[in-house]
Amino acid sequence: MEEVQKLSRKERETMSRRAEILEAAERVFADSGFVSAKMEEIARQAEFSVGMLYKFFKSKEELYGALLDEKLDAMGNRLYAELERPVGSVEKIRNIFLVRVELMWEYRTFFRIFFQGAAVPVCDPRAGFSLEAWERYQRYVNEQQEIFSHGIESGEFQPVSASALTLVFEGLLRAYADIVTRDD
């Protein structure tokens, strides 16, 4: 039986500090937007020096990307659990929709950041996402389109374009996210 290696105190402290920085960054990016956010404000809210932030992240862009990647990983795990369930296409799309709505409420602050000034497609590297996040999002959208294709072939959905259904589905969720993330 393989033993689980315990993290050292220093490793636990490092992880804790990183998490505190990411939490503060999430608040600052949500309140100020990426462009207006300042590392000084993130440091103040995390109760660290600016120098400490730079020990963890080389730049504001790297910090932003790390925050986005971490949240996308957590959400992706829940979404892929639904994608892998052996259910029909209609139920699978319904479950994915419900999980994404739950995630929007659970990660409301993150989604405010995620959709700020989204003149570029979701997860686009130009919006601060890593290339890996962009590719992961594209894989997810392609898998979603496959669900629609399978549902069309099996007669669960009307015979229309699977890519059109995917775009409508994503658009509906984006519109809902806009409502959820409003400050009012």
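Predicted model: local features only at pLDDT ≥ 70, side-chain atom pairs only at ≥ 80, totals over all residues.
Residues are numbered from 1 along each chain as its sequence is written. Local features need pLDDT of at least 70 and side-chain atom pairs count only at pLDDT 80 or more, while totals for chains, interfaces and linings use all residues, and side-chain values use heavy atoms, with hydrogens and water left out.

**Exercise 1. The overall fold**

Task: Find how many helices and strands the protein chain has, and which pattern they follow along the sequence.

Solution: 
- Start with the rule: helices (H or I, at least four residues) and strands (E, at least two) are DSSP runs, numbered from the N terminus.
- By that rule the protein chain has 8 helices and 0 strands.
- Reading along the sequence gives α-α-α-α-α-α-α-α.
- Next comes burial, where buried means under 20% relative accessible area, exposed over 50%, and partly exposed in between (1.4 Å probe, protein chains only).
- Of the 184 residues in the protein chain, 40% are buried.
- For contacts, the criterion is heavy atoms within 4.5 Å.
- Among contacts in the protein chain with a separation of 6 or more, 63% come from residues 24 or more positions apart.

**Exercise 2. How H1 meets H2**

Task: Describe how the axes of helix H1 (residues 9–36) and helix H2 (residues 39–46) cross, and which residues make the contact.

Solution: 
- Axes are lines fitted to C-alpha atoms, for helices over the stretch in contact, and angles run from 0 to 180 degrees between N-to-C directions.
- The axes of H1 and H2 come within 8 Å and cross at roughly 125°.
- Now classify the angle: under 35 degrees is roughly parallel, over 145 roughly antiparallel, 65 to 115 roughly perpendicular, and the rest oblique.
- H1 and H2 are therefore oblique to each other.
- On the H1 side, the contact is made by Glu 20, Ile 21, Ala 24, Ala 25, Arg 27, Val 28 and Phe 29, and on the H2 side by Glu 41, Ile 42, Gln 45 and Ala 46.
- To sort them, count Ala, Val, Leu, Ile, Met, Phe, Trp, Tyr, Cys and Pro as nonpolar, Asp, Glu, Lys and Arg as charged, and the others, Gly among them, as polar.
- The contact of H1 with H2 then has 7 nonpolar, 1 polar and 3 charged residues.

**Exercise 3. Either side of H2**

Task: Is Ala 37 buried or exposed, and is Glu 47 buried or exposed?

Solution: 
- Ala 37 sits in the loop between H1 and H2.
- With 2% relative accessibility, Ala 37 is buried.
- Leaving aside neighbours within four places in sequence, Ala 37 is in contact with Val 28, Phe 29, Ser 32 and Lys 60.
- Glu 47 belongs to the loop between H2 and helix H3 (50–56).
- A relative accessible area of 72% makes Glu 47 exposed.
- Look at the backbone too: phi of Glu 47 is near 60°, a positive value in a residue other than glycine.
- For background, most residues other than glycine have a negative phi.

**Exercise 4. Aromatic pairs**

Task: Work out how many aromatic pairs there are, and classify the pair of Phe 34 and Tyr 64.

Solution: 
- Rings of Phe, Tyr and Trp (its six-membered ring) pair if their centres lie within 6.5 Å; planes under 30 degrees apart count as stacked, over 60 as edge-to-face and the rest as tilted.
- The count comes to 9 aromatic pairs.
- The centres of the Phe 34 and Tyr 64 rings are 4.6 Å apart with planes at 50°, so this pair is tilted.
- The pair links distant parts of the chain, 30 residues apart: Phe 34 in helix H1 and Tyr 64 in helix H4 (residues 60–83).
- Phe 34 is partly exposed at 22% relative accessibility, whereas Tyr 64 is buried at 7%.
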